[in-house]
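Keep the viewer open and pick out the residues as they come up.

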Amino acid sequence: MKKGSVVIPTANRPTFLRKAVISAATQRLAPHEILVVDDGTGEQEAIADLTGPIRVIDNRGQGPVAARNRGVGAATSRRIVDYRQRLGGFLRTEQLLEVY
């Protein structure tokens, strides 16, 4: 099975971001890369100590649609795996609170 890219758009959710990156990195089939698209909120500190193929892309408050598009556009693998889609769609913070 080929490895894919994981795109994690985020804004103002450092705790969920850390959990999402760790979850993506520890899957049975490790991703080719993890792209965190930060919507200009400076959440890099939440994942600064994590190692692996993690790239942070600055989206400068352009919104969730632009963040998703920017992440997919920056991916270098053939298969794009949007982490939120694997959870059942593009989630709102309220939905994540039910899971975590």
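## A starting definition

A residue is called buried when its relative accessible area is under 20%, exposed when that value is over 50%, and partly exposed in between. Please keep in mind that this is a predicted model.

## The fold at a glance

The protein chain has four helices and four strands. Their order along the sequence is β-α-β-β-α-β-α-α. The chain has 100 residues, and 40% of them count as buried.

Two totals round out the overview. Of the contacts between residues at least 6 apart in sequence, 60% join residues at least 24 apart. The accessible surface of the protein chain is about 6,000 Å², with 51% of that area belonging to carbon and sulfur atoms.

## Asn-59, a buried polar residue

Is Asn-59 buried or exposed? Asn-59 has a relative accessible area of 0%, so this residue is buried. You will find Asn-59 in the loop between strand 3 and helix 2 (64–74).

What surrounds this side chain? Leaving out residues up to four places away in sequence, Asn-59 touches Val-37, Asp-38, Asp-39, Gly-40, Ala-66, Ala-67 and Arg-70.

In soluble globular proteins, nonpolar side chains tend to be buried together. Here the largest nonpolar core has nine residues: Val-6, Ile-8, Leu-17, Ala-20, Val-21, Ala-24, Ile-34, Val-36 and Ile-47. Strand 1 (4–10), helix 1 and strand 2 are the elements that give two or more residues to this core. Helix 1 gives the most, with four residues.

Ile-47 is a handy member to click on. Not counting residues up to four places away in sequence, Ile-47 touches Leu-17, Arg-18, Val-21, Val-36, Ile-54 and Val-56.

## Salt bridges

How many salt bridges does the model have? The count comes to three. One of them pairs Asp-49 with Arg-18, whose closest N and O atoms are 2.8 Å apart. This pair links distant parts of the chain, 31 residues apart: Asp-49 sits in the loop between strand 2 (33–38) and strand 3 (54–58), while Arg-18 belongs to helix 1 (residues 14–25). Asp-49 is exposed, with a relative accessible area of 53%, whereas Arg-18 is partly exposed at 27%.

Another salt bridge joins Arg-55 and Glu-33, with 3.1 Å between the closest N and O atoms. Arg-55 is in strand 3 and Glu-33 in strand 2, so the pair ties together parts that are 22 residues apart in sequence. Glu-33 counts as buried at 6% relative accessibility, while Arg-55 is partly exposed at 35%. There is also a salt bridge between the side chains of Asp-58 and Arg-60, at 2.7 Å from N to O. Asp-58 is partly exposed, with 30% relative accessibility, and Arg-60 is exposed, with a relative accessible area of 64%.

Definitions and conventions
Residues are numbered from 1 along each chain as its sequence is written. This is a predicted model: local features need pLDDT of at least 70, side-chain atom pairs count only at pLDDT 80 or more; totals for chains, interfaces and linings use all residues. Side-chain values use heavy atoms; hydrogens and water are left out. Buried means under 20% relative accessible area, exposed over 50%, partly exposed in between (1.4 Å probe, protein chains only). Contact means heavy atoms within 4.5 Å. Accessible areas come from the Shrake-Rupley method with a 1.4 Å probe; for residues, only the protein chains shown count as cover. A salt bridge is a side-chain nitrogen of Lys or Arg within 4 Å of a carboxyl oxygen of Asp or Glu. A nonpolar core is a set of buried Ala, Val, Leu, Ile, Met, Phe, Trp, Tyr and Cys residues joined through side-chain atoms within 4.5 Å.
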